[in-house]
Amino acid sequence: MNRYSIIHEKNPREIVLLRGRGCRWRRCSFCDYHLDSSTDEKANFELNKEVLSQVTGIYQHLEVINSGSFPELDEQTMCELLAICRDQKIHTLHFECHYLYRKSIPALRDAFAKVGTDLKIKIGVESFHYEFREHFLKKGISEKNPETIAENFNECCLLFGLTGQTIDSMITDIETGLTYFERVCVNIFVENSSCIKPDKSVTRAFTEHVLPLYISNERVDILLNNTDFGVGE
Ligand code: SF4
């Protein structure tokens, strides 16, 4: 599996896929990537250290993903990340985080601010339609108000290509994301081992009618395949 890549287009940055102890929530109906995890923290650190050794600081801008949330990374990996940010003068670092860990975010921001790194925390919201998100996707975000959800977070991920979504609902989700978050990352759902299946008619509607509206928007990343950032499998 490729765990290091460089994104040269919108918001240029290096990106690493690290391994943590596994997603604590683990209930999202569409997800199987939490399987990239291990409870062996020593082995995780060895793997993560090797991946992080590839970071050059080319853009002084780094994104860390770990098929879960940053608190699921081991302590040594976090120390290594702090050292890399300090030594390579990384000005911006992105982490993923589930809503349930939102109270851990301010302390992390403070820790990285001490080495001069600004954190951008990304939450997988998938949709702002509460019933769809919580009853169908089982996302585990109890809050309905997008402004309140955004309080601790800078960026959000949306998931499209699912039965029930429409051109209007997808545009509404993106516009809501752009209103309350600095950046939006749209992921098109691709078949995996979960019981949810992609809806090709929704993906087609997205590609024909929604994609052209946002393809040039610097605040919107669009991943038609979940490996488009160059990491994962
Ligand atoms: S929070 Fe993320 S990693 Fe965990 S189950 Fe949901 S989508 Fe998967």
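This is a predicted model: local features need pLDDT of at least 70, side-chain atom pairs count only at pLDDT 80 or more; totals for chains, interfaces and linings use all residues.
User: How do you know that the span of helix α6 agrees with its number of residues?

Analyst: Helix α6 runs through residues 167–180 and has 14 residues, which at 1.5 Å a residue should span 20 Å.

User: Why is N48 called buried?

Analyst: A residue counts as buried when its relative accessible area is under 20%, and N48 has a relative accessible area of 0%, so N48 is buried. N48 lies in helix α1 (residues 41–52), and, leaving aside residues up to four places away in sequence, N48 touches L18, R19, L73, D74 and T77.

User: What makes F112 stand out in the largest nonpolar core?

Analyst: This core has 49 residues, and F112 is one of those that touch the most other members, along with V16, V64, L81, F95, I121 and I123. The largest share of the core, six residues, comes from α7. When residues up to four places away in sequence are not counted, F112 touches M78, L81, L82, C85, L93, F95, T117 and L119. There is also a second, separate core of eleven residues, among them F30, C31, L159 and L162.

Notes. Residues are numbered from 1 along each chain as its sequence is written. Side-chain values use heavy atoms; hydrogens and water are left out. Helices (H or I, at least four residues) and strands (E, at least two) are DSSP runs, numbered from the N terminus. The expected span of a helix is 1.5 Å times one less than its number of residues. Buried means under 20% relative accessible area, exposed over 50%, partly exposed in between (1.4 Å probe, protein chains only). Contact means heavy atoms within 4.5 Å. A nonpolar core is a set of buried Ala, Val, Leu, Ile, Met, Phe, Trp, Tyr and Cys residues joined through side-chain atoms within 4.5 Å.
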